[in-house]
Amino acid sequence: MHGPASPGWLLVALCAVTGAYCLLRMRSEVEEQRRSAGAEALMGFGMAAMAVPSAVFSPPPWTWPLYAAVFGAAALRALWAMRRGTRHLHHLVGEAAMVYMAVVMTVSPGDHAGHGAGSGLPPVTGVLVLYFVGYVLLSGARLVPVTAGAGSLGWGDRPELARACRLSMGIAMVAMLLTV
């Protein structure tokens with residue numbers, strides 16, 4: 001991603017830690033929790049890889065189409081999962097945002113996705129930023145009243161940590177969309 005190196009590395013660390021926690025959540029006894037955690041782990045690690053500052057490491061040109069294909073497949077999986085309920089809509093939007101960012105980087109790896117003087121945000125980026133800002137605000141409001149779970153719950157089954165994980169990925173997605 002474009003932008004200064006220090007915030008980029010913080011974004012990499014946040015996304016990698018979030019992805020690691022989501023891997024831990026995959027050990028849950030609840031099947032739906034495991035599925036959700038797997039998709040979120042993919043997002044966390046994918047976002048960490050995409051957030052590496054371009055001044056430090058410029059990935060080879062084939063990387064971005066590969067990201068688009070991987071997250072496109074994940075988006076199709078989220079679309080398929082939506083037949084059981086709309087709770088997978090957020091995963092679908094997140095995966096679509098990752099595909100969008102990968103396509104933008106494929107088309108213009110050295111540019112800022114059409115951000116010229118006075119051009120502002122491209123419309124798709126603006127819509128995605130608005131969605132994720134709304135998601136972050138809603139997730140933050142839902143996180144506030146949650147109290148810590150009982151001591152018998154494992155790390156993978158703690159609802160307040162799962163919500164904090166989703167909140168941090170939403171914040172990271174806003175930052176990434178603004179720097180693409």
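## His91 and its surroundings

Within this predicted model, His91 touches Ser36, Ala39, Glu40 and Ala78, leaving out residues up to four places away in sequence; contact means heavy atoms within 4.5 Å. His91 lies in helix α4, where helices (H or I, at least four residues) and strands (E, at least two) are DSSP runs numbered from the N terminus. With a relative accessible area of 12%, His91 is buried. Buried denotes under 20% relative accessible area, exposed over 50%, and partly exposed the range in between, with a 1.4 Å probe and protein chains only.

Leu89 also has its place in helix α4, but counts as partly exposed at 39% relative accessibility. Leu89 and Leu79 stand 10 residues apart in sequence, and their C-alpha atoms are 7.6 Å apart in space.

## Basis of the model

Residues are numbered from 1 along each chain as its sequence is written, and side-chain values use heavy atoms, with hydrogens and water left out. Because the model is predicted, local features need pLDDT of at least 70 and side-chain atom pairs count only at pLDDT 80 or more, whereas totals for chains, interfaces and linings use all residues.

## Overall composition

The chain comprises 6 helices and 0 strands, in the sequence pattern α-α-α-α-α-α. Of its 180 residues, 43% are buried. Among contacts between residues at least 6 apart in sequence, 77% join residues at least 24 apart.

## Helix α3

Helix α3 (residues 63-81) has 19 residues and spans 27 Å from its first C-alpha to its last, close to the 27 Å expected at 1.5 Å a residue; the expected span is 1.5 Å times one less than the number of residues. Its buried residues are Thr63, Trp64, Tyr67, Ala68, Phe71, Ala74, Ala75, Ala78 and Ala81. Seen down the axis of α3, these buried residues fall within an arc of 135°, so they line one face of the helix; the arc is that of the directions from the helix axis to the C-beta atoms.

The elements covering the buried residues of α3 include α2 (31-51) and α4 (89-107). On the face of α3 turned away from its buried side are the exposed residues Leu76 and Trp80.

## Packing of α4 with α5

The axes of α4 and helix α5 (residues 123-143) come within 11 Å and cross at roughly 140°. Axes are lines fitted to C-alpha atoms, for helices over the stretch in contact, and angles run from 0 to 180 degrees between N-to-C directions. The crossing is left-handed, meaning that the near helix is turned anticlockwise from the far one by less than a right angle.

From α4, His90, Val93, Gly94, Ala97 and Tyr100 meet Val124, Thr125, Leu128, Tyr131, Phe132 and Tyr135 of α5. The residues of this contact divide into 8 nonpolar, 3 polar and no charged. Here Ala, Val, Leu, Ile, Met, Phe, Trp, Tyr, Cys and Pro count as nonpolar, Asp, Glu, Lys and Arg as charged, and the others, Gly among them, as polar.

The axes of α2 and helix α6 (residues 159-179) come within 11 Å and cross at roughly 35°, in a left-handed crossing. Ser36, Glu40, Met43, Gly44, Met47, Met50 and Ala51 in α2 meet Arg166, Met169, Ala172, Met173 and Met176 in α6. By class, this contact has 8 nonpolar, 2 polar and 2 charged residues.

Ala41, in helix α2, is buried with a relative accessible area of 4%. Apart from neighbours within four places in sequence, Ala41 is in contact with Gly19, Cys22 and Leu23. The C-alpha atoms of Ala41 and Arg25, 16 residues apart along the chain, are separated by 9.0 Å.
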